[in-house]
Amino acid sequence: MRREIFEPEHEAFRESVRAFVEREVLPHHERWEREGAVDRSVWRAAGRQGLLGLSVPEEYGGGGTADFRFPTVLAEEFARVGATGPGFRVHNDIVGPYLTELATDEQKRRWLPGFCSGETIAAIAMTEPGAGSDLQGIRTRAEDRGDHYLLNGAKTFISNGILSDLVIVAARTTPEGGARGLSLLVVERGMAGFERGRNLEKLGLHAQDTAELSFTDVVVPRENLLGEVNRGFAHLMERLPQERLTIAVGAIAVAEAVLAETVAYVRRREAFGRPLAKLQHVRFQIAELATECAVTRTFVDRCVTEHNAGALDTAHASMAKWWATELANRVTDRCLQLHGGYGYMTEYRVARAFADSRVGTIFGGTTEIMKEIIGRSLLD
């Protein structure tokens with residue numbers, strides 16, 4: 001079915017992104033996977049290409065558009081070729097809204113030009129060793145000392161954690177537990193007491209740096225408070241729908257790409273004297289996956305349209321996230337099986353996609369949390 005959400009300018013942007021990936025990403029990606037992180041130079045190249053800070057006002061060097069179809073194109077093109085290393089989606093789609101919507105004018109002048117040029121790599125630190133999807137369990141604390149906060153705590157599973165120069169840290173600024181009393185502080189590279197642990201070894205996403213972060217008596221100037229004090233939980237909740245939508249966008253793009261490669265594979269691969277594509281079981285499997293991808297694509301595209309109109313609610317973003325990520329896992333699993341032994345070889349895209357996609361049902365809120373959110377919206 002023909003997709004109808006894009007205009008000519010989005011397709012022109014797609015060609016630009018595709019050329020960038022071919023030139024700046026794919027020649028290096030295998031090395032990045034071995035090294036566990038990308039080169040900082042690819043961030044600067046992305047800045048020159050206009051791929052960073054798409055929604056940042058032009059006065060700070062950004063793209064000046066809130067049209068989420070542009071980040072959608074960017075996510076799709078990276079997912080299409082399995083380029084999982086550059087953490088541009090975390091930078092643009094997850095961290096970006098906090099800086100453009102919550103930062104003061106002074107903070108914007110300090111942080112956004114580098115954010116757009118690729119000189120300043122951004123991350124957000126919510127997850128802790130004892131608090132994952134349940135943000136109310138955050139224990140990292142920031143004590144108000146007048147002109148600064150004294151930050152202590154630890155975060156884990158932080159994407160862009162090794163390379164990041166700017167980290168938005170969710171910390172507790174009142175003794176109360178639960179959702180009350182969280183604030184967002186921006187910690188900058190080089191602050192005394194801010195340490196990075198190991199670059200975590202993961203099942204997939206080997207080129208994407210994911211780190212443990214620790215904060216020991218870090219002096220964070222009051223000028224680095226992002227948004228309102230003690231309203232951090234609300235700030236997080238207001239921006240999670242876009243985070244979950246961008247995960248869904250990437251997941252369905254991966255599913256479609258792996259399915260297309262599998263269709264080509266079963267057409268040329270023979271068993272018992274004829275192509276696999278002639279076997280009824282294979283045909284049924286492909287038919288089921290193609291149908292599920294088509295239905296999911298339609299829903300995710302509609303969510304993008306709703307988000308552009310400012311109408312995407314938390315429940316529907318959660319639906320898109322859990323369904324698309326679970327589908328990506330099903331597609332990569334079944335397509336690996338259809339590849340037989342070759343599917344288990346990492347030289348084949350399906351093997352890497354199988355490992356890379358698995359985290360989709362975990363980060364950004366687990367599938368179980370997504371279902372809880374949807375259930376509450378319908379039943380409470």
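**Entry 1. Contact between domains 1 and 3.** I looked up how domain 1 meets domain 3 and found 20 residues of domain 1 in contact with 20 residues of domain 3. In domain 1, I noted Phe 68, Arg 89 and Tyr 98 as the residues that lose the most area to domain 3. Together these three make up 32% of what that side buries. I am working from a predicted model.

**Entry 2. Bounds and area.** I checked where the domains run: domain 1 covers 8-120, domain 2 covers 123-229 and domain 3 covers 233-378. I then took the C-alpha centres of domain 1 and domain 3, which lie 23 Å apart. For the area buried between domain 1 and domain 3, I have about 1,700 Å². Carbon and sulfur atoms give 59% of that area.

Entry 3. For polar contacts, I found eight residue pairs across the interface of domain 1 and domain 3, both residues of each pair being at pLDDT 80 or more.

Next I asked which elements give two or more residues to the side of domain 1 that touches domain 3. I found α4 (69-80) and α5 (88-102). The largest share of that side comes from α5, with seven residues. I sorted the residues of this side of domain 1 by type and got nine nonpolar, three polar and eight charged.

Entry 4. I have a count of 32 salt bridges by the rule used here. One pair I looked up is Glu 35 and Arg 31, whose side chains meet in a salt bridge at 3.2 Å, N to O. Why are these two separated by about one helical turn? I put it down to their spacing, because Glu 35 and Arg 31 are four residues apart in helix α2 (residues 29-35). Side chains of opposite charge can pair when their charged atoms come close.

**Entry 5. UniProt records.** I found an unreviewed UniProt entry that places "domain: Acyl-CoA dehydrogenase/oxidase N-terminal" at residues 8-119. In the model I get 67% helix and 0% strand for residues 8-119, with the end C-alpha atoms 30 Å apart. For "domain: Acyl-CoA dehydrogenase/oxidase C-terminal", UniProt (unreviewed entry) lists residues 230-379. Over residues 230-379 I get 76% helix and 3% strand, and the end C-alpha atoms are 29 Å apart.

Definitions and conventions
Residues are numbered from 1 along each chain as its sequence is written. This is a predicted model: local features need pLDDT of at least 70, side-chain atom pairs count only at pLDDT 80 or more; totals for chains, interfaces and linings use all residues. Side-chain values use heavy atoms; hydrogens and water are left out. Domain bounds come from an automatic or database domain assignment. Contact means heavy atoms within 4.5 Å. Buried area is the accessible area (1.4 Å probe) that two parts lose on being put together, summed over both. A polar contact is a pair of N or O atoms within 3.5 Å; within protein, one must be able to donate a hydrogen and the other to accept it, and residues adjacent in sequence count only if both atoms are side-chain atoms. Ala, Val, Leu, Ile, Met, Phe, Trp, Tyr, Cys and Pro count as nonpolar, Asp, Glu, Lys and Arg as charged, and the others, Gly among them, as polar. UniProt positions are given in the numbering used here, feature names are shortened, and annotations may be inferred rather than shown by experiment. A salt bridge is a side-chain nitrogen of Lys or Arg within 4 Å of a carboxyl oxygen of Asp or Glu.
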